[in-house]
2 protein chains.
Amino acid sequence: MTAEELSQIIYRKRSYLCVGLDTDIRKIPSHLLSEPDPVFAFNRAIIDATAPYAVAYKPNIAFYEAMGPRGWESLQKTIDYIPADCFTIADAKRGDIGNTSSLYARTFFDPSAAGLNFDSVTVAPYMGRDSVVPFLEYPGKWVILLALTSNAGSADFQRQPVGERELYEVVMETAQTWATPDQLMFVVGATQTEQLARIREIAPDHFLLVPGVGAQGGSLADVSRIGLNSRGGLLVNASRSILYASAGSDFAERAAAEAQALQAEMASYL
Amino acid sequence: MTAEELSQIIYRKRSYLCVGLDTDIRKIPSHLLSEPDPVFAFNRAIIDATAPYAVAYKPNIAFYEAMGPRGWESLQKTIDYIPADCFTIADAKRGDIGNTSSLYARTFFDPSAAGLNFDSVTVAPYMGRDSVVPFLEYPGKWVILLALTSNAGSADFQRQPVGERELYEVVMETAQTWATPDQLMFVVGATQTEQLARIREIAPDHFLLVPGVGAQGGSLADVSRIGLNSRGGLLVNASRSILYASAGSDFAERAAAEAQALQAEMASYL
């Protein structure tokens, strides 16, 4: 998906909501456990319920890996099921030496490899340029690079001073020499609103993937006020607050209501 | 496996060789492609051939993921097949917010989750403390944290100056406040011999996992001279130079010869 297509979807749906498909089989409604593939059954219902309000879906790969081979099958079915007018993110936080990153890129971008055809993958920057560029070799696919994450540990290294700057700023500036804003997004936690203005200075044109609204406590109003740009430029993720809005048979309706509330708030900011 | 057990195996086998099971189905001898599971058939032959000379095996998870669900099945069979007196490393370079890193830890350490029971997993440090500590909650299991990697991109961020130090030094010092040398190793590329003396100052007691000997050009003599400590303290990885020593029906014999040559050189340094 191109940046222009993504931007059009955002303005058409009046939403920059990304639904995080962090599907934990230990948390899904018990009546689904008799389905042949409970994780896919849950995801399908969540997608059906939230697709009018969401522009992107982001399965965190850890949740599927933790189930072994059948988890990968649930992931394949889920990706195939997501409507074509939604952007898909493999939240995998991969990164390795060049020839190995090439394999991770194949895994998530080339359906003939692992049966997956994501639009984007999250990548960890620690290993530098040659760990990132193999993901940029697929036309229409995106790297979403970790910059300043939403967790407490983000202070340990990402905010270390490097000369006059902090490490995450060096990461963002360096990565812009590798790719254009039409191939590269950054992960910025919603809990980092104090730094968000600085981040928009460094990367005025980039899309930012913003987790941390909802269960992690970030403010959608603050993120939107500072983060929106002329093409939208935000994908704000919510996972647990939507997926587990109810543990009962009404889980999909409650998920739809949560997603709709976020979409309505987003529409007011766009 | 405890540090003492690993050390005993090193001195008994007179080896600190780790064989990297970076098994690429496009590179294995063609006569194996008619096997029901060609990747496992190849790995089994490599393990049989090299086990007398190796103390550790390190599948890089990218190679298995790139094959989808059947790749995970090959990985499960491979791990089950590795002899009990060899240390196993999931080279996955994972790292995510705490509750997600817990799932990655389950994936690789808890056989009831994904059918895998590795001794250790490689972890990327960028997201800080809460992305690493969930891997430390399994008794007898290890975190192998990326410190200074073997690739060209290691210069981009790992060697950035942070005050008087470089980022990788800050990572190594900070991580030592999270775990003892009996749970924590560091990845240090064999191509980084100029920094290896400094690394041994920072972490005199830790095991170091050293990739980059062989295809990537690092020197075993230099790494061993600077890196060995009183309990051995090194795991030196070779992948392509062993796995693909021959593309013919003699691949296992040639792999054994490569491994034996490395073991003999290691014995001379121990």
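1. Start with one charged pair inside chain B: the side chains of Asp91(B) and Lys58(B) meet in a salt bridge, with 2.7 Å from N to O. A salt bridge here is a side-chain nitrogen of Lys or Arg within 4 Å of a carboxyl oxygen of Asp or Glu. The pair ties together distant parts of the chain: Asp91(B) belongs to strand E3 (residues 87-94) and Lys58(B) to strand E2 (residues 56-58), 33 residues apart. Helices (H or I, at least four residues) and strands (E, at least two) are DSSP runs, numbered from the N terminus. Over all chains, the salt bridges come to 32 by this rule.

2. Before going on, keep in mind that this is a predicted model: local features need pLDDT of at least 70, side-chain atom pairs count only at pLDDT 80 or more, and totals for chains, interfaces and linings use all residues. Residues are numbered from 1 along each chain as its sequence is written, chains are lettered from A and ligands numbered from 1 in the order in which they are written, and side-chain values use heavy atoms, leaving out hydrogens and water.

3. Now look at the strands in chain A. Eight of them make a closed barrel, in the order E1-E2-E3-E4-E5-E8-E9-E10, with parallel pairing. From one strand to the next, the twist averages 30° (axes are lines fitted to C-alpha atoms, for helices over the stretch in contact, and angles run from 0 to 180 degrees between N-to-C directions).

4. For a close-up, take E5 (residues 142-148) and E8 (residues 184-188) of chain A, which pair in the parallel sense over five bridges. Two strands count as paired if DSSP finds at least two bridges between them. Ile144(A), for instance, has Met185(A) in E8(A) as its bridge partner.

5. How do the two chains relate? A rotation of 180° with 0.0 Å of shift along its axis superposes chain B on chain A, at RMSD 0.0 Å (least squares on the C-alpha atoms of residues with pLDDT of at least 70 in both copies). That is the relation of a two-fold axis. The same surface serves both copies, as 100% of the contact residues of chain B recur in chain A.

6. Finally, the interface. Contact (heavy atoms within 4.5 Å) takes 58 residues from chain B and 58 residues from chain A. Four salt bridges run between the chains. In one of them, Lys93(B) joins Asp96(A), the closest N and O atoms being 2.8 Å apart. Helix H5 (residues 98-109) of chain B gives the largest share of that chain's side touching chain A, seven residues.
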